[in-house]
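Dear colleague,

Here is the structure I promised to hand over, with the sequence alongside. My notes on what was found in it follow below.

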Amino acid sequence: MSVGVSTSAPVSPTSGTSVSMPAFSLVDYVVFVLLLVLSLAIGLYHACRGWGRHTVGELLMANRKMGCLPVALSLLATFQSAVAILGVPSEIYRFGTQYWFLGCCYFLGLLIPAHIFIPVFYRLHLTSAYEYLELRFNKAVRVCGTVTFIFQMVIYMGVVLYAPSLALNAVTGFDLWLSVLALGIVCTIYTALGGLKAVIWTDVFQTVVMFLGQLAVITVGSAKVGGLGHVWAVASQHGRISGFELNPDPFVRHTFWTLAIGGVFMMLSLYGVNQAQVQRYLSSRTEKAAVLSCYAVFPFQQVSLCVGSLIGLVMFTYYQEYPMSIQQAQAAPDQFVLYFVMDILKGLPGLPGLFIACLFSGSLSTISSAFNSLATVTMEDLIRPWFPEFSEARAIMLSRGLAFGYGLLCLGMAYISSQMGPVLQAAISIFGMVGGPLLGLFCLGMFFPCANPPGAIVGLLSGLVMAFWIGIGSIVTSMGSSMPPSSTNGSNFSLPTNLTVATATTLMPLTTVSKPTGLRRFYSLSYLWYSAHNSTTVIVVGLIVSLLTGRMRGRSLNPATIYPVLPKLLALLPLSWQKRLHCRSYGQDHLVDTGVFPEKPRNGVLGDSRDKEPMALDDTAYQGSSSTCILQETSL
């Protein structure tokens, strides 16, 4: 079975093989159990600490008192899933280091959230990212965004629990449902009882375990093949060290431009507007700490990508000297790393268990984040607006109940995943399909003051239709293809570096010798452009509908929900250019008269009947949003 890797149906865990599977030692099981016990202990510690004095803010937002380092490590762990731990080395082993250039997109993909999305979200004092949509548009847009996110996460979280367990079972014989139930139950308990603070600190612990497990593989593997210098030499000799592929064709799976530019939009859908990440930003004690945590993720992401790439190169070198067995060569790509680990770590008690702990740390961190973020948006976006009189005690019980409920739902989805067969590919693709339209919805609201609620809803629906059209078309096309993938551009559904890329890769059709034409050509769009394509669809359609329906005329616009793009860009120009463009700020009265912004409220407070509480705004929100620029009649 493969997690978005193979075009065939998942392999049954009970299918017989002619080769005996490596057995785990008692020490390996002890190491694995220690991971579960320590993760549970961290969660229970935060649950018991101050029991009876917990608040909803503490459960859902960690009292907004987290430091930047634990938040940064949690941001990394949230989407550094087991899919990534298995997928990146397999990608490098099969196609070379071209994928490593994805690291080029990390800088902009984290810089933009740090200086655009985080300041807007943090200053609005949000709990759910989708509260922004109500402040900017209306409640209907907020509910649409929330339901889309819930659909996205519920479909995927069972797969991210079940699929690595099945791959592990196929290679090692590690009991399938024992691992699924153990992970699901432990994760549910510490997430529901300990809240976001428990999730963040267990993420920190699990991140350390992930790096230790991967470093153990690199150290032992490189020692067995003669050192990292020999690894690099062999990889270079066999063409696995890739240079810059500057082909601008968006239908080529991996090029420098696809990875470096298309990857930016993928990163924005993850680190800019995804509730699991936004919730961590907002749990920081200050806005500066939130921005620093986003910066701190950058080196961790680079190290993580390099470690995964090194494992792939070491694995390639090892199997050049010790060829795979027939069973291994015919396995799905997501199983290659597990076979490699069992080959090099056999006879070293405890190290196979450490890698399995590393693998399931990735699953735990992703699933716990899903539980917590789902409980938060359900509570804040779907329950509290309709039942605002909830007492604190009842709200706490309901928040914990929601986390427990989503944990049970995750186990149920894991069972459904085991029965889905080939349909599993569509399920694991949904996460990647939905990220782009949600990014487009937030960008439409934040960067375009003329966008209105009808435009936002129609734009989101158009983006989702486009995403599912391309995604399902790609799956159907790939299933109908009987040609093997090429060595340079075929995807064969390999697992890349993070959760969204991993799911999006499943949408890529196999590359055949002859180039596809017509719709088949359209369906072969590189998966890394999906977020860019779908978010652009939302923005373009949303703007057209907004212009046709009267823009924001007659509706109030909260200036704190708008990021002043033009003034920020013009401030980067030389002073002489700014003078030629005659940049100046209009007064607030002018903006009110023209209907661009509502009248500035007394005492700096803005609110309407739909808000639970009035929102405090400072003068900088108006001044920053009111800057405008007029081109003088004199030519430039």
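**Notes on the model**

W177 has its place in helix α8, where helices (H or I, at least four residues) and strands (E, at least two) are DSSP runs numbered from the N terminus. Please keep in mind that this is a predicted model, in which local features need pLDDT of at least 70 and side-chain atom pairs count only at pLDDT 80 or more, while totals for chains, interfaces and linings use all residues. Residues are numbered from 1 along each chain as its sequence is written, and side-chain values use heavy atoms, with hydrogens and water left out.

W177 counts as partly exposed because its relative accessibility is 32%; here buried means under 20% relative accessible area, exposed over 50%, and partly exposed in between, with a 1.4 Å probe and protein chains only. Together with L181, I185, Y415 and I416, W177 makes a nonpolar surface patch of about 470 Å². The elements that give two or more residues to this patch are α8 (176-225) and α16 (392-420), and α8 gives the most, with 3 residues. Patches are made of residues with over 30% relative accessible area and no salt bridge, like charges being joined within 9 Å and nonpolar side chains (Val, Leu, Ile, Met, Phe, Trp, Tyr) within 5 Å. Accessible areas come from the Shrake-Rupley method with a 1.4 Å probe, and for residues only the protein chains shown count as cover.

The 23 residues of α1 (residues 26-48) should span 33 Å at 1.5 Å a residue, and the end C-alpha atoms are 32 Å apart, which agrees; the expected span is 1.5 Å times one less than the number of residues.

In helix α15 (residues 351-383) lies D381, which counts as buried because its relative accessibility is 2%. Leaving aside neighbours within four places in sequence, D381 is in contact (heavy atoms within 4.5 Å) with S128, Y130, E131, R142, T146 and T376. The side chains of D381 and S128 are joined by a polar contact of 2.6 Å, a term that stands for a pair of N or O atoms within 3.5 Å, of which, within protein, one must be able to donate a hydrogen and the other to accept it, residues adjacent in sequence counting only if both atoms are side-chain atoms.

A search of the whole structure finds 6 salt bridges, each a side-chain nitrogen of Lys or Arg within 4 Å of a carboxyl oxygen of Asp or Glu. In one of them R142 meets E134 at 2.5 Å, N to O, and both of these residues are buried. D381 forms another with R142, the closest N and O atoms being 2.7 Å apart. D381 lies in α15 and R142 in helix α7 (residues 139-172), so this pair ties together parts that are 239 residues apart in sequence. Through shared partners, salt bridges join E134, R142 and D381 into one network.

E287 forms a salt bridge with R123, with 3.0 Å between the closest N and O atoms. Since E287 lies in helix α12 (residues 287-321) and R123 in helix α5 (residues 106-123), the pair ties together parts that are 164 residues apart in sequence. R123 is exposed, with a relative accessible area of 59%.

As for the protein chain overall, it has 25 helices and 4 strands, and buried residues make up 59% of its 636 residues.

Best regards
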